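I opened my notebook and went through this structure piece by piece. Here are my entries, in the order in which I looked things up.

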Amino acid sequence: MFNSVDTMIQVALREEKPLWRVILEDDLKDRGKTEKSSRAKMLMLWQAMGAAERDYDPSRRSPSGLVGGEGAKMTGDGVGLCSPFLRDIISTALKMGECNACMRRIVAAPTAGSCGVLPAVLLPIQRKFGFDDDRMTQALYVAAGFGQVIAARASIAGAEGGCQAEVGAASGMAAAAIVALLDGSPHQMAHACAMALSNVLGLACDPVAGLVEVPCIKRNVMGATNALACAEMALSGLESQIPCDEVIDAMGAVGASLPAALRETGEGGLAATPTGRRVAEFMRGR
Amino acid sequence: MTIFDIMGPTMVGPSSSHTAGAVRIGLITRRLLGSQPIGAELTLHGSFAATGSGHGTDRALIAGLLGMEPDDPRIPQSYELAEEENLTFRFCNGVLKDAHPNSVQIRAMDRDFKRITVVAASLGGGRIKVTSIDGLPAVFSAEKNTLIIRHQDRVGQVAVIVDLLSACNVNIASMQLFRTARGGEAILIIESDDPIAPAAVEIIRQRDGFERVIYLETGGAE
């Protein structure tokens with residue numbers, strides 16, 4: 001497995017292979033599986049993301065009653081502030097997060113709490129550009145490759161690294177995946193990931209009543225739009241001044257220095273507001 | 001850690017530790033019992049007790065006891081399905097000694113009054129760890145093929161098992177042995193890379209001195 005973005009890119013350049021293939025081949029070596037079985041597994045995850053979106057029902061409410069129906073409000077044209085494409089991204093992120101909160105089937109990517117970020121950019125991009133499922137699956141390999149380095153050098157658990165480790169990691173993975181889909185270079189993927197992670201360093205994990213609802217679902221929107229902006233910057237030639245591996249190391253260090261109250265304990269941030277505490281009290285009474 | 005620990009699994013939300021992990025704990029308990037449970041008593045500990053109901057931990061555990069996997073869309077309806085399948089259950093909150101924050105103790109019984117008590121923890125990302133069986137320490141992840149043998153402590157018992165596995169060309173990945181006292185109750189947990197042939201498990205079951213032999217086959221499924 002890779003524990004450095006730089007190494008991953010060097011292998012791709014040296015072997016003159018696309019980055020997704022380098023990550024795929026590394027997986028085959030790791031698990032002793034055939035390419036056919038690995039790709040079938042990734043395709044299944046991609047199709048499950050699409051199925052989760054189709055499964056969305058705006059009438060469902062989460063166990064706390066706090067969330068539901070918000071994704072549906074974001075469909076349609078709106079007031080003209082965001083393009084239809086951007087509204088599609090926002091709406092898809094909300095729908096995924098709501099499906100998760102309402103105990104529907106989703107794909108943890110990298111976690112259940114951040115399950116909306118990748119599908120929120122990838123599904124609208126497929127709709128806009130008409131890429132086939134095979135190409136979308138390649139983008140998931142790229143996302144997983146970056147995610148693996150983040151997990152190895154920092155963390156992908158909110159309890160360890162705060163929300164930067166969940167929605168933040170998903171955002172960095174998604175930024176790299178978008179660049180891959182639009183034929184950016186491996187270096188551009190790394191810059192996109194580095195910029196996306198840099199933007200969320202220190203983000204608290206402060207779920208109200210400990211539930212994966214508030215603020216998690218709307219944070220998925222932030223993760224998706226941040227990924228889009230960073231991919232756009234990277235594809236336009238902007239670079240992260242701090243290399244991706246160093247940003248990931250900084251993310252690990254920041255996560256370790258976050259107080260426990262901001263690491264999924266439901267005791268700090270929004271969870272500790274008067275309203276947050278009232279919801280927690282209400283849930284305990286149930 | 002593989003890329004599919006990052007991407008995936010497909011699961012019913014909202015939490016990989018409090019929902020997907022809880023389903024797996026229920027499922028592993030059912031497989032350790034070896035049959036459909038008709039009664040279960042579940043003690044939730046720590047964060048499972050504190051935020052379990054909002055995460056559907058309770059429904060997830062029952063879903064697992066009914067044989068569902070973490071991606072089964074019927075998980076939210078597990079209480080109704082339990083009634084259909086004649087599984088009665090009771091939840092309580094409690095403190096389990098030295099337990100991980102996301103832990104549960106499940107006492108399950110089948111129609112022939114066969115019983116098992118399992119304590120397990122959900123570690124995050126859907127991964128779990130069984131920590132005890134019937135009050136005896138038994139630590140395993142249920143990610144590898146796992147052989148669990150209850151026996152009387154006496155000379156040569158472990159050698160018998162190891163010889164048999166080696167004859168079947170099974171490579172042992174890890175092994176734990178615990179006994180309550182000299183000559184007392186003992187438990188042996190073996191995790192193996194290769195699956196153990198059903199015939200070999202049967203031979204161990206038939207041998208004198210091995211009271212309960214449980215085999216969980218998990219390797220190679222994809």
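**Entry 1**

I started with β8(B) and β10(B), which pair in the antiparallel sense over eight bridges. A note on terms: helices (H or I, at least four residues) and strands (E, at least two) are DSSP runs, numbered from the N terminus, and two strands pair if DSSP finds at least two bridges between them. The model is a predicted one, where local features need pLDDT of at least 70 and side-chain atom pairs count only at pLDDT 80 or more, while totals for chains, interfaces and linings use all residues. Residues are numbered from 1 along each chain as its sequence is written, and chains are lettered from A and ligands numbered from 1 in the order in which they are written.

Which residue stands opposite B:Ile149 in β10(B)? I found B:Leu188 there. B:Leu188 is also the bridge partner of B:Leu177.

Next I followed β9(B), which is joined to β10 (residues 185-192) by seven bridges and runs antiparallel to it. On this pair, B:Met175 stands opposite B:Ile190. The two strands form a hairpin with five residues between them, and B:Gly183 in the turn has a positive phi of about 75 degrees.

I then wrote down the whole sheet: it is open, has four strands in the order β9-β10-β8-β11 (chain B), and its pairing is antiparallel. β9 (172-179) and β11 (210-216) of chain B are the edge strands, each pairing on one side only. Neighbouring strands are turned by 10 degrees against each other on average, direction ignored.

**Entry 2: what lies over that sheet**

I checked how well β10(B) is covered, and seven of its eight residues are buried (20 or more other C-beta atoms within 10 Å of a residue's own; 12 or fewer is exposed, in between is partly exposed, with C-beta atoms placed from the backbone).

Helix α6 (residues 157-167) of chain B lies across β8 (145-152), β9 and β10 of chain B, at about 20 degrees to β10(B). For such angles, axes are lines fitted to C-alpha atoms, for helices over the stretch in contact, and values run from 0 to 180 degrees between N-to-C directions. Helix α7 (residues 198-206) of chain B lies across β8 and β11 of chain B, at about 160 degrees to β11(B).

**Entry 3: the six-stranded sheet**

I found another open sheet in chain B, with six strands in the order β3-β2-β4-β5-β6-β7 and mixed pairing. β3 (88-93) and β7 of chain B stand at its edges with a single partner strand each, so one side of each is left without a neighbour in the sheet. Here neighbouring strands are turned by 20 degrees against each other on average, direction ignored.

Strand β2 (residues 37-46) of chain B runs parallel to β3(B), with six bridges joining them. B:Glu41 has B:Arg90 as its bridge partner in β3(B).

I also looked for helices. α2(B) lies across β2, β4 (102-110), β5 (115-124) and β6 (127-133) of chain B, at about 155 degrees to β5(B). Helix α4 (residues 57-65) of chain B lies across β2, β3 and β4 of chain B, at about 145 degrees to β2(B).

**Entry 4: two domains in chain B**

Chain B is divided into domain 1 (11-140) and domain 2 (145-216), with bounds from an automatic or database domain assignment. Their C-alpha centres lie 25 Å apart. The contact takes nine residues from domain 1 and 10 residues from domain 2 of chain B, where two residues are in contact if their C-beta atoms, placed from the backbone, lie within 7 Å. On the domain 1 side, β7(B) gives the largest share, five residues.

**Entry 5: where the chains meet**

How many residues of chain A are in contact with chain B? I noted 41 residues of chain A, against 27 residues of chain B. α7(A) gives the largest share of the chain A side, seven residues.

Three bridges join β1(A) to β1 (residues 10-12) of chain B, and the two strands run antiparallel. A:Ile106 has B:Met11 as its bridge partner.
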